[in-house]
Amino acid sequence: MTTHEISADPPHTFQVDLRGLVDLLSQHLYASPRVYVRELLQNGVDAVTARRALDPGAPGAVRIEATGTAVRVTDTGIGLTEPEVHQLLATIGRSSKRDGLAEARKEFLGQFGIGLLACFVVAETIRVVSRSARTPDAPPVEWVARGDGSYTVRTLDVAEHPEPGTSVHLVARHGSEHWFEAATVAELATDFGALLPYDVRVGDEPVTGRRPPWELEHAGPTARSAALSAYCQDTLGFTPLDSIELDLPLVGIRGVAYVLPGVVSPAQRGGHRVHLKGMLLTDRAETLLPDWAFFVRCVLDTDALRPTASREQLYEDETLAAVRDALGDRVREWLAQLATTSPERLRRFLAVHHLGVKALALHDEDVLRTMLPWLPFETSEGELTLDDLVRRHRTVHFTRTVDEFRQVSAVAAAQGMAVVNGGYTYDAALVEALPLVRPGVAVEELDASVVTAHLDHVDPAAELALAPFLATARARLDPLDCDVVVRAFQPASLAAVHLDDRSTRHERARAEAESEADDLWAGILGSLRDEAPRARLVLNHLNPLVRRVAGLPGPDLTGVAVEALYGQALLQARRPLRPADQALVNRAFGELLAWATPRLTQENDR
């Protein structure tokens, strides 16, 4: 017998464990049992939409009743025949919305054929009674499904369900009764369905009928702004700093982006509230806007975006990418409009969210040009915009870290140098990009050697007279890998400044790690030793205290005073003290007190 003649087993059909599938839905697909109300609403709304496609004048209503142990949802939709019940309700993954042309499917909310199974998360049984509007001669049909995977189907007398449409009855699963309480069902139906286009009621209370403020006419811009702000307070729980309307028909978006009133971290992903054709899809959409737009939260309705199978997030595809770009462009337009028409509103916004705009400006030259006159930076001349700074200086220096800025800002300002603190997020990169939008401006990174070069040298005769003092000072600080020099600089009130560059700090960190490492790592770290970099204590010859210290008798008191100046310079620069620095500062101040105490005692005895 040849291979082709070998008989094959007949094909088998997949078996589905409904209990296991319900557990999968409840534990992994859906975030909460609350979604069962959304699935019931969705089925009702889709049924009404399908009937309206056949008869535009057909009634469009969904009614929900809750008793605490049961829920019934009735719609005036297209209904089902008995064959459709077997085909659509009893076949997992089959959806009536899959039939027909793709264009027609766009009108429906659900397209996965698993929504009704979500009800088993909270229900013990599901009973569906339906009569078809498409086939009016067909009798009503009843479908009853149980959590064990079994179901029954029977036809009913027309008198039991005389009108076209569907009624879904749920009986609560033990332990899920709280999801069937009338107040809970009303709250969930309002949350999910408030923007739906049909008449939805829970009992006698309407769920729909209140159009969102962006779809309404208002008395004027002020009234419209107040309505949008009030909607944000009711929906998102905060009063926005500003509102950005989103009317983007090309990508199927209408809604509002609300500017947060307080500072948020760029790492904090936004929780945007997204409705799909009026039905709430999620209030935690995180990928709707570009990462740089972390300062806004959106409430919008869309007919273009695709939901995931759980309908609790957005499907990442080309459409979502296009929407993300379009929303980002809209926020950019709003910023440009503020810059030209509402400077005071822009200042208030930047006072809170300048970090987000800096992130955008770093990647968008047009935004950088627009926002440059407004973005605040910490500089050696106070808080200024880069535009203000380049009007005063053709060369702009910047530091990479906050510590470097604190070391040099006071001295640099007194020497007429413009220094920007680039230690904050995005600032160094933005300063480096400055020549792109302001040609002719030079940007240079600042380190300790550059600052020292800008300080005036002391008169040679005076420096020669200071030689013994400098020898004592250098001997005292040499164990700390710190050199001592004397310069004359402003402000004269500053006695000393401690300067070191990144290579110096790197070598210091390496040495500390080497001292704490085992023999193997100590050898590796030792091979990385850099002999060149040393910190520098720059003493100000214009400062009276320095001149008095330089004239102290004896090397002991002089050395203690130099150590005290070293400690003071570290503290003024707000540098973290190493254990050796901490010990030196404590000893120096203690010895200074010891030198002063006998003198005070002698004066008191007179």
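Visitor: How are α16 and α20 oriented to each other, roughly parallel, roughly perpendicular or oblique?
Guide: In this predicted model, the axes (lines fitted to C-alpha atoms over the stretch in contact, with angles from 0 to 180 degrees between N-to-C directions) of helix α16, residues 467-477, and helix α20, residues 555-572, cross at roughly 60°. Under 35 degrees would be roughly parallel, over 145 roughly antiparallel, 65 to 115 roughly perpendicular, and the rest oblique. The pair α16 and α20 is therefore oblique.

Visitor: Good start! Which residues of α20 make the contact with α16?
Guide: Contact here means heavy atoms within 4.5 Å, and the two axes come within 9 Å. From α16, the contributors are Phe 469, Thr 472, Ala 473, Arg 476 and Leu 477. Facing them from α20 are Pro 555, Asp 556, Thr 558, Gly 559, Val 560, Val 562, Glu 563 and Tyr 566.

Visitor: Before we go on, how reliable must a residue be to count, and how is it numbered?
Guide: Local features need pLDDT of at least 70 and side-chain atom pairs 80 or more, while totals for chains, interfaces and linings use all residues. Side-chain values use heavy atoms, without hydrogens or water, and residues are numbered along each chain as its sequence is written, from 1.

Visitor: And what is the crossing angle of α7 and α8?
Guide: Helix α7 covers residues 318-341 and helix α8 residues 343-363. Their axes come within 11 Å, and the two helices are therefore oblique to each other. The crossing angle is roughly 140°.

Visitor: Stepping back, how many helices and strands does the chain have?
Guide: Elements are DSSP runs numbered from the N terminus, with helices (H or I) of at least four residues and strands (E) of at least two. On that basis the chain has 21 helices and 22 strands.

Visitor: What share of the chain's residues count as buried?
Guide: Buried means under 20% relative accessible area, exposed over 50%, and partly exposed in between (1.4 Å probe, protein chains only). The chain has 606 residues, and the buried share is 47%.

Visitor: Which residues does Glu 286 touch beyond its neighbours within four places in sequence?
Guide: Glu 286 sits in the loop between β12 (279-285) and β13 (296-302), and it counts as partly exposed because its relative accessibility is 42%. Arg 269 is 17 residues away in sequence, yet the C-alpha atoms of Arg 269 and Glu 286 are 5.8 Å apart. With those neighbours set aside, Glu 286 is in contact with Arg 269, Gly 270 and Gln 313.

Visitor: Which two residues does the cis peptide bond with omega of about 0° join?
Guide: Look in the loop between β20 (482-488) and β21 (496-499), where Pro 491 lies. The cis bond there joins Gln 490 and Pro 491.

Visitor: What is the phi of Lys 277?
Guide: Lys 277 lies in the loop between β11 (272-276) and β12. With a relative accessible area of 21%, Lys 277 is partly exposed. Although it is not a glycine, its phi is positive, at about 55°.

Visitor: And the phi of Tyr 426, what is its value?
Guide: Tyr 426 belongs to the loop between β17 (419-421) and α12 (427-432). Its relative accessible area is 24%, so Tyr 426 is partly exposed. Again the residue is other than glycine and phi is positive, near 75°.
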